[in-house]
Amino acid sequence: MPPHRYTPALAQSIELAWQDRWEGEGTFHTPNPTGALSEGFERVADRPKAFVMDMFPYPSGAGLHVGHPLGYLGTDVTSRFLRMDGHNVLHPMGYDAFGLPAEQYAVQTGQHPRVTTEANIEAIAAQLRRLGVDHDIRRTFATIDPGYYKWTQWIFTRLFEAWFDPDADGGRGQARPITELVAELDAGTRQSAPGTLPEGRVWAELSEVERRQVVDAHRLAYRHEAPVNWCPGLGTVLSNEEVTADGRSERGNFPVFRRPLTQWMMRITAYAERLLSDLDRLDWSDSLKQMQRNWIGRSTGARIAFPVGPESVEVFTTRPDTLFGATYLVLAPEHPLVEALAAADWPDGVDPRWTGGAATPAEAVAAYQRQASRRSELDRQAEGREKTGVWLGATAVNPLTGRDLPVFIADYVLTGYGTGAIMAVPGEDTRDWEFAQAFGLPVVRTVQPPAAFDGGAYTGSGPMINSSNDQLSLDGLDKAGAIATVTEWLVAHGHGEATTTYKLRDWLFSRQRYWGEPFPIVYDSDDLPIAVPESMLPVLLPEVDDYSPKTFADDDDTSLPEPPLSRATEWVTVTLDLGDGPKTYRRETNTMPNWAGSCWYYLRYLDPADDERFVDPALERYWMGPRSAGDTGGVDLYVGGVEHAVLHLLYARFWHKVLFDLGYVSSEEPFRRLVNQGYISAFAYTDARRFYVPAAEVVERDGQFFHDGEPVNREYGKIGKSLKNMVTPDEMIEAFGADTFRVYEMSTGPLEQSRPWETKAVVGSQRLLQRVWRVVVDEETGQPRVADTEPDAGTSRALNRAIEAVRDGMGTLRFNIAIARITELTNHLTQAFGPGTAVPRSVAEPLVLLLAPLAPHVAEEMWSRLDHPDSVAWAQFPVAEQRWLVDDTVEVAVQVNGKVRAQVSVPADADAAALEAAARADERITGYLDGATVRRVVVVPGRLVNFVLG
RNA sequence: GCGGGAGUGGUGUAACGGCAGCCACGCCAGACUUAGGAUCUGGUGCCUUCGGGCGUGCGGGUUCGAAUCCCGCCUCCCGCACCA
């Protein structure tokens, strides 16, 4: 074998050497325009900035498999390309390190979570370094660093010290400091939000404590008692986003129960409209935007009040047009008016289906409420959609028909959505139809179904029928017209109003776990919360003897949360001087959810060591600020998994908008462009007993698969230990080198696309790098085999076409295209400049530059051997010369009736007439045209000629 | 059920409405070799009577021309799911 062949061993020694040099020289240090990291900024001052980021990893301890680096490599290639193409590029990395998995792993191993977490971080950092990524490691931090979570706590205090003014910013709504609310309440220029004042009281006459309670109820971070998701198996409560559709925890898959508890909430619902409408301004995939839209769940309709005796029940409906068809009302079992509305006795002759077998309405209600509260979401699912409920013994009145409407409670109406009460229209709603069938309730159709329709509820469109009284007629109108007409009537007569509701709920923010940010909150002698002042931050997580949370049997729904910090009694009770002398306070013992740390980490990369503020505003403007009027600003490219569609990405957008409203950031959105990288899966194999066998040991013969000579069955799935198809980057780097691994991962498809892993195909990428190496370096001497000769025209064309296509592939994250064009160029050079023929330097150098973002180590080595002392990372990326992108002559297809029958070679600038003449001159074409009538000739210069025969 | 996305060789994929399958894996053949899981060269959609014919999930449509645009199906993937 030649002594200087690009073998895995040579690749590895090149890679390790360059990784050391990059670190030693600070090659990837990104200068800030100002402040501590501004050294060297003058070098890049005239460059446009580019902020490229990955969703930072959670250091789990399970180790990386070959799927994990895909996104990291995608941003790395992009970042390196942009740097070479003249940008000041910021490509940082950090670690999301608080949270349940680290804590649970620590519980298993008996180690403090910090110890295991830091070991895991170190392992991932080493793997990332070995991949050759160009992170500016001076900016790396973990969310568990006190210097970081100090500012997470500080941002929490900003949310605590703010309220949402729905009238601000021209009715769009905006966060404002809470002190301004107090001032307006004191001045009498503002009424407190509905439901926040004690019944029948006014602000001016409240006691100091009562006033504080009213103010607390307005805060963006507030305490609230409500049914929450209690997960005994984890010993903590969870947010809606952390509970799966079948009522289990996303982490750990434990059952979740609804229990009323007092918890910290974040008023994300105040931002529902802005979170929804600003999606239109973001460069995100349609599917991701749609997921957020669905989660926010905006629907427009009307609130309608139905009198029930002395009370009034308000319902929300998106179909006020069907009001003439409303034949009963249903309240959620937990609706606050249920007890007040329940009648004392059943009337004579009550339908037995309506009573639940109880002697009185009150008993029926109590029994049904108990049953509903005990049922977990999972049980409801398991029972299917059979409708249950009981009658309250009360009736409402339909404001349009005057008809009596029996009022039921049923668990198919949810407390949390709309008003927790509905008007039931069995003619046009499937759920109401099912309930009406089960309870023998009348059906009135108000939308004319098609003649052939013979189903139950008709949910399609059609003209209104049966919808008139002496004041109003909707008959014959379409849906939109009927909604407008009836809403106008309801408003005019005081029965209701047009309104919008959202599925989005406020974000449950407290967790009863140890391994999270402590709340920067203390309680005074009135048991009311006070924010810890900035000067006393961070509130450090105390050392405790037992950091594991108290967990319970998975299904123990009677258990109550018990935060581990509550057992740190010396920490909980604290004496502080908050401005009125030293007093004793009690610390909040909940911790924040692990989403808190990832809500703002992108900002901290900009100014990682700042102890005076969470980020220097000048740095935020430089890296994140809007570029033009109407631009949201934000990170220029954010790459990560789609699993964060409604968790991290919604929470981070919410915090960012609050920071924007309060004037701390200039950008309106955190992530201007977002791409979800695909997943890498792999084949797995099962033997006759259906057990998985190690995939690496399976051989293929004639389309069949064998393990130890026995036939096995091929499956496809997630890479991991359980399917015995684990492949790690370390193995691949060991066998091929990091550059080959990088090129292979990038060559298998566009970044967004999921793809299978195929180890045997990696050799193709290795061959490519070997061919490039052989084009540039003499395998016998190790010297460059270039000369200052002029390339021929064909080579120049091949080079410039490759440059053009590689640039396009880099910009659109289709690195597979870039690699295919580099391969073509390399193959051309291999053929054109065989052994003994020097390669023109003006071609070899651009080839190395094109390859540099994808295979940076071998590119550095070749660049160096081509006598360039400086890193290729800062070399100028090639720009195509236009004159080589157009051919002198082109091959044009000649079609007859749309079928290609010949090729003719013509000058590239031949006009339509010349092209047609050339086509007619081809003897195969004359054969077709002889004796036929040419009805039409379509000529597209440079592309084709099509003769349409009659 | 609702919403979103995708269906192209044995495989991963590529094609401004204009020559379908670039590039790679695999496979076949050859060269160089003591040897090859190295390297290089050539071939490789299917059928074929060697003229050609057929081919982008299925069926229609628009167009001189459709993988691409439109309509209706089918299949797969993802998200949501008693949200009024």
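Trp757 is found in strand 27, which covers residues 755-757. Strands (E, at least two residues) and helices (H or I, at least four) are DSSP runs, numbered from the N terminus. The model is predicted: local features need pLDDT of at least 70, side-chain atom pairs count only at pLDDT 80 or more, and totals for chains, interfaces and linings use all residues. Residues are numbered from 1 along each chain as its sequence is written, chains are lettered from A and ligands numbered from 1 in the order in which they are written, and side-chain values use heavy atoms, with hydrogens and water left out.

Trp757 has a relative accessibility of 5%, so Trp757 counts as buried. Buried means under 20% relative accessible area, exposed means over 50%, and partly exposed lies in between (1.4 Å probe, protein chains only). Leaving aside neighbours within four places in sequence, the residues in contact with Trp757 include Val66, Ile680, Ile719, Phe741, Tyr744 and Val762. Contact means heavy atoms within 4.5 Å. The side chains of Trp757 and Thr759 are joined by a polar contact of 2.7 Å. A polar contact is a pair of N or O atoms within 3.5 Å; within protein, one must be able to donate a hydrogen and the other to accept it, and residues adjacent in sequence count only if both atoms are side-chain atoms.

The structure holds 49 aromatic pairs. Two of them are listed here.

| Pair | Centre to centre | Angle between planes | Type |
|---|---|---|---|
| Tyr6 and Trp773 | 5.7 Å | 35 degrees | tilted |
| Tyr412 and Phe435 | 5.5 Å | 45 degrees | tilted |

Rings of Phe, Tyr and Trp (its six-membered ring) pair if their centres lie within 6.5 Å; planes under 30 degrees apart count as stacked, over 60 as edge-to-face and the rest as tilted.

Tyr6 lies in the segment before helix 1 (8-25) and Trp773 in helix 23 (residues 762-776), so this pair ties together parts that are 767 residues apart in sequence. Tyr6 is buried, with a relative accessible area of 1%, and Trp773 is buried at 0%. Tyr412 and Phe435 are both buried.

Charged side chains also sit over rings. Arg80 lies over the face of Trp22, at 4.7 Å from the ring centre. The charged end of Arg219 sits over the ring of Phe160, 4.0 Å from its centre. Such a case requires NZ of Lys or CZ of Arg within 6 Å of the ring centre and within 35 degrees of the ring normal.
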